[in-house]
Amino acid sequence: PLTVITGYLDTFLGDTGRLPDNYVKPVKQMMQHAQRMESMLKDLLWLSRIESEEQLEKRDTVSVIALLEELREELSESHPGRKLEFETQSQRCVTGDYRQLYSAVSNLVLNAMKYSDPDSAVTVGWRQEGNTGLLSVSDRGIGISATHIPRLTERFYRVDDSRSSVTGGTGLGLAIVKHVAASHGATLQIDSTPGSGSCFSLVFSDTTECGYCK
């Protein structure tokens, strides 16, 4: 149904000169919310798939550096004016599912971009501490009160409903990150100070030497 709805709305918006002036804004709002609903459904389907595969053994060796390089290229095209810093201090890999890990990291980076000033940098890091690998995403944005942090990974949980409606998020990004972490034997750590920014880290209890990497 959403495909039909957005198809007709796109047709109307493609020739707004034939629409009465007082119809243009409502049709644009309808398209915005239809697209947001479509994104929400896609995220729900992806989350459902991750949950259904959570107990399956992960066998692929995933190069975190290669994953971050792909993400850098994608974001340089979709957000060309945004400053992104990548600090890779480890060559080690993790065992897991490339698509799931990519979705988790991209969600963290996009969140950091949404809730920080467009002129400030978002930093993505990958480093090793003993056998533990830390994949972190840091921003210098508005930060999050400690009272909200325990509930951030709940589906549709909003720190600020008005702010979330402006950014257009589905409210499922961090739920996806949490389940990806769980399916990879990792944990999600959140450190944030209101007014000073946030750092979200995926902590992998074990990493491996990169042989054949996907």
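**Entry 1. Salt bridges**

I count a salt bridge where a side-chain nitrogen of Lys or Arg lies within 4 Å of a carboxyl oxygen of Asp or Glu. I note at the outset that the model is predicted. With that criterion I searched the whole structure and recorded 7 salt bridges.

I looked up Arg92 and Glu209, whose side chains meet in a salt bridge at 3.0 Å, N to O. Arg92 lies in the loop between β2 (84-88) and β3 (93-95), and Glu209 lies in the segment after β7, so this pair ties together parts that are 117 residues apart in sequence. I noted Glu209 as exposed, with a relative accessible area of 62%.

I then took the salt bridge between the side chains of Asp15 and Arg18, listed at 3.8 Å, N to O. Asp15 is partly exposed at 34% relative accessible area, whereas Arg18 counts as exposed at 73%.

A further entry on my list is Glu85 with Lys83, whose side chains meet in a salt bridge at 3.7 Å, N to O. Glu85 is partly exposed at 24% relative accessibility, and Lys83 is partly exposed at 47%.

**Entry 2. Aromatic pairs**

How many aromatic pairs does the structure hold? I found 2.

Tyr98 and Tyr102 form a stacked pair, with 6.3 Å centre to centre and 20° between the planes. I assign the pair as stacked because planes under 30 degrees apart count as such. The two residues are 4 apart in helix α4 (residues 98-114), which means that about one helical turn separates Tyr98 from Tyr102. I checked burial for each: Tyr98 is buried at 17% relative accessible area, and Tyr102 is buried at 11%.

Trp126 and Phe204 form an edge-to-face pair, with 6.1 Å centre to centre and 80° between the planes. Trp126 belongs to strand β4 (residues 122-129) and Phe204 to strand β7 (residues 197-204), so the pair ties together parts that are 78 residues apart in sequence. I recorded both Trp126 and Phe204 as buried.

**Entry 3. Charged surface**

Which residues form a negative surface patch? I listed Glu70, Glu73, Glu74 and Glu77. I placed Glu77 in helix α3 (residues 64-78). Glu77 counts as exposed, with 67% relative accessibility.

**Entry 4. Individual residues**

I examined the backbone at Phe156, where phi is near 65°, a positive value in a residue other than glycine. I kept the entry because most residues other than glycine have a negative phi. Phe156 sits in the loop between β5 (132-138) and α5 (161-167), and at 39% relative accessibility it counts as partly exposed.

I also looked up Ser136, which is in strand β5. Is Ser136 buried or exposed? Ser136 is buried, with a relative accessible area of 8%. The C-alpha atoms of Ser136 and Ala112 are 11 Å apart, and the two residues are separated by 24 residues along the chain.

**Entry 5. Whole chain**

The protein chain has 6 helices and 7 strands, and along the sequence I read the pattern α-α-β-α-β-β-α-β-β-α-α-β-β. Along the principal axes, the C-alpha atoms fill a box of roughly 65 × 40 × 30 Å. Of the 214 residues in the protein chain, I recorded 41% as buried.

Key: Residues numbered from 1 in each chain as written. Predicted model: local features only at pLDDT ≥ 70, side-chain atom pairs only at ≥ 80, totals over all residues. Heavy atoms only, no water. Phe/Tyr/Trp six-rings, centres within 6.5 Å; stacked < 30°, edge-to-face > 60°. Buried < 20%, exposed > 50% of the residue type's maximum accessible area, 1.4 Å probe, protein only. Patch = residues over 30% accessible without salt bridge, like charges linked within 9 Å, V, L, I, M, F, W, Y side chains within 5 Å. Areas by Shrake-Rupley, 256 points an atom, 1.4 Å probe, with all protein chains shown as cover. Lys, Arg positive; Asp, Glu negative; His and termini not counted. Charge placed at Lys NZ, Arg CZ, Asp CG, Glu CD.
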